[in-house]
Amino acid sequence: MTAMTALTVLSAEAPSLVQSVDWLAIAPVVITAAVGLVVLVADLFAAERHKPVLGWISVTGLAAATATLLPLRAGDRATFCLTGDPAACSYVADRFTLVIQFLVLAGALVTALVSVTAVRDTRMPAGEYWFLLLSSAAGAALLPASRDLATLIVALEVASLPAFALVGMRRGDRLSSEAALKFFLSSVTATAVSLMGVSFVYAATGSLHLTQVADRLEDVPGQLDTLAMAGVALTLVGFAFKTAAVPFHFWVPDTYVGAPLPIAGYLSVIGKAVGFTGLILVTVIAFPAYSDIWGPALAVLAALTMTLGNAAALRQSPDRPNSAVRLLAWSSVGQAGYLLVPIAAAAYSGRDQIGSTVAYALMYAAVNLGAFAVAALVARTKPLHRISDYRGLYAERPLAALSLGFFLLCLAGLPPGIIGLFAKVTVFRSAVDAGLGWLAVVMAINVVIALYYYLRWTALLFRTPEGAQTRTRAPWPVAAAVIVTAITAVVLSGAPEIILRVTSGSLFAQ
């Protein structure tokens, strides 16, 4: 009896190691992953004629996961927290998390709509395709909620590993296999470097939770300072790779050309969102003590990225095969430079500058996915993906031409694409407010350079077509993707304050 009493007392005094789980907070990630598993199992038993149903199950699952974000708007939620330090949590559903999860899941939903027809027409294995897409989307949705370095790296890899397979999904296509291999090797190398950085940070701080890392980096012993600085620099490499920031951009054009077109659009938006989300979390939450290191470094990366991306986009010949995809690929590199600006500015004037990156990412997601959806529509009759194939598109498909023209004007930042202009002004202001006048000047020059290739493509849509035009019925899932993204861009151009309201102020849980 005495032993039992002593055991009871010890149990009462010892802290519980059981962590409570907030199932509503993690519902968007869990639903996406669960539907992926359902699709994979269903593929084993479904007859070939029923395989298209797997696509619609995936679309429904992504729509349900997106809908679960609505009840989370009420306030910040956290789960998987340390019992000894409730403020140190591995999963936090704050406003930043919800906005990025909406971007990821809504973007994956548009990709799924475009993919329904692509999977059928190119005879890609349906079960594998939808399982990989949902798995990648689940990892991308997990990443913004991750608040420890281990979960961040795991989420990054869950988002990335399925993407390698998706890029090489076109079996027997040399370009697809080459793109997947190049994407895989470069990404694995970047991840290995990041893991080394994480190990250095852990050695210097003794913690993986971002809030604890931030506190302990404020007072690192002198003998560990060099180790901590090296860890900070190396940790940023993997996320810089995902953003396609120079000099980690070399995989982008070949990967986009080799990938199925819906996956190229997915990588240009969701893949980029993964990288920027990771960069934001590790810089402004975990490493503010070393802002004097990562701030100038990201500012230089932003200038190099936007300049090289726009210069390469200018060099695309309209008659070259795959020139349209390559232009969009290099354009995405240039846009990555703009997205880096507010992150760099946060090192000088506080983390509220991050709202500018989030606002720009929301705009970019809608219009870039729309541009890829139109490209998928045009590719049904003109599979060479040349810019010259779009000549006279207005005579053949007026709504598609008007939509693509509007998307390109948004990317250029010209009226009537007000949302693009609004987003660029927001980013420009963040640089000026942070005292980065030289970076604002570089950005302004690059915006002018980009006008040329965006307007050249836009003008081509309305020129007199050459030869007879082939008119085919547009598959309604692809048409729906174009319409949804076009309506979103038009609404946001008419009321850009919607994005400003969502991204203003503090996005992170206090």
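Analyst: Helices (H or I, at least four residues) and strands (E, at least two) are DSSP runs, numbered from the N terminus. Phe 80 is found in strand 1, residues 77-81. The model is predicted, so local features need pLDDT of at least 70 and side-chain atom pairs count only at pLDDT 80 or more, while totals for chains, interfaces and linings use all residues. Residues are numbered from 1 along each chain as its sequence is written, and side-chain values use heavy atoms, with hydrogens and water left out.

User: Why is Phe 80 called partly exposed?

Analyst: Buried means under 20% relative accessible area, exposed means over 50%, and partly exposed lies in between (1.4 Å probe, protein chains only). Phe 80 has 29% relative accessibility and therefore counts as partly exposed.

User: Is Asn 322 buried or exposed, and why?

Analyst: Asn 322 has a relative accessibility of 16%, and therefore it counts as buried.

User: What makes the link of Cys 81 and Cys 89 a disulfide?

Analyst: A disulfide is a pair of cysteine sulfur atoms within 2.5 Å. The S to S distance between Cys 81 and Cys 89 is 1.9 Å, and a disulfide joins the two. By this rule the count comes to 1 disulfide. The link of Cys 81 and Cys 89 is right-handed, with 95 degrees about the S-S bond.

User: How do you know whether Cys 81 and Cys 89 are buried or exposed?

Analyst: Cys 81 counts as buried because its relative accessibility is 18%. Cys 89 is buried because its relative accessible area is 6%.

User: How does the span of helix 16 compare with the expected value?

Analyst: The expected span of a helix is 1.5 Å times one less than its number of residues. Helix 16 (residues 398-412) has 15 residues and reaches 21 Å from its first C-alpha to its last, close to the 21 Å expected. Helix 16 is followed by Gly 413, whose phi is positive, near 85 degrees.

User: What makes a set of residues a nonpolar core, and which residues have the most contacts inside the largest one?

Analyst: A nonpolar core is a set of buried Ala, Val, Leu, Ile, Met, Phe, Trp, Tyr and Cys residues joined through side-chain atoms within 4.5 Å. The largest has 178 residues, and those with the most contacts inside it are Trp 130 and Trp 457. Its largest share, 20 residues, comes from helix 14 (residues 354-379). Contact means heavy atoms within 4.5 Å. Leaving aside residues up to four places away in sequence, Trp 457 touches residues including Leu 404 and Leu 408.

User: Which residues does a cis peptide bond join?

Analyst: Most peptide bonds are trans. A cis peptide bond joins Val 246 and Pro 247, with omega about 10 degrees. Another cis peptide bond joins Pro 415 and Pro 416, with omega about 5 degrees. Pro 416 lies in the loop between helix 16 and helix 17.
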